[in-house]
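Here is a short report on one protein model. Look over the sequence and the fold, then read on.

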Amino acid sequence: MKLKNVLIVVNDMEKSKAFYKDLFGLNVILDNDGNVILTEGLVLQDASIWKKLIEKDIISRNHAAELYFEEADIQGFVEKLENYREPIQYVNRLMEHSWGQKVVRFYDPDGNLIEVGTPM
């Protein structure tokens, strides 16, 4: 068995595609009517489709999972966040763990938690 993708729910597909392209360099591989596969295996699904499939409410900012990225130039990435066209809502601004890794945590436009850290 092999894990193929990670799916997150989004409310505004165009806004989310731009967010992940501009900040992370992820490109669209497949755009299939509310289901978009990006490079690196991230899948965006329109919230209306997800809600219909699971017949449950979508709970934004549930803090039960996060997308984790690594970036050697963490200071440069933080500057990209600071200069992004829309305000970024932070969970933790740039910090350093006791083991020496620097990380920043924030939400995407739909409340999905993201961590970006220096390589381990």
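Which residues of α1 are buried?

## Helix α1

The buried residues in α1 are M13, S16, K17, F19, Y20, L23 and F24. Buried means under 20% relative accessible area, exposed over 50%, and partly exposed in between, with a 1.4 Å probe and protein chains only. They cover an arc of only 160 degrees around the axis, which puts them on the same side of α1. The arc is that of the directions from the helix axis to the C-beta atoms. An α-helix has 3.6 residues a turn, so residues three or four places apart point the same way.

The length of α1 also checks out. This helix has twelve residues, 13–24, and at 1.5 Å a residue it should span 16 Å; its end C-alpha atoms are 16 Å apart, which agrees. The expected span is 1.5 Å times one less than the number of residues. G25 follows α1 and has a positive phi, near 75 degrees.

## Basis of the model

This is a predicted model: local features need pLDDT of at least 70, side-chain atom pairs count only at pLDDT 80 or more, and totals for chains, interfaces and linings use all residues. Residues are numbered from 1 along each chain as its sequence is written, and side-chain values use heavy atoms, with hydrogens and water left out.

## Overall fold

The protein chain has three helices and eight strands. Along the sequence, their pattern is β-α-β-β-β-α-β-α-β-β-β. Helices (H or I, at least four residues) and strands (E, at least two) are DSSP runs, numbered from the N terminus.

The C-alpha atoms fill a box of roughly 45 × 35 × 25 Å along the principal axes. Of the 120 residues in the protein chain, 39% are buried.

Strands β2 (residues 28–31) and β3 (residues 35–38) pair in the antiparallel sense over three bridges. Two strands pair if DSSP finds at least two bridges between them. L30 has I37 as its bridge partner in β3. Three residues lie between the strands of this hairpin, and D33 takes a positive phi near 50 degrees.

In α3 (residues 74–82), I74, F77, V78 and L81 are buried. They cover an arc of only 100 degrees around the axis, which puts them on the same side of α3.

What do the buried residues of α3 pack against? They pack against α1, β6 (90–96), β7 (102–107) and β8 (113–117). Contact means heavy atoms within 4.5 Å.
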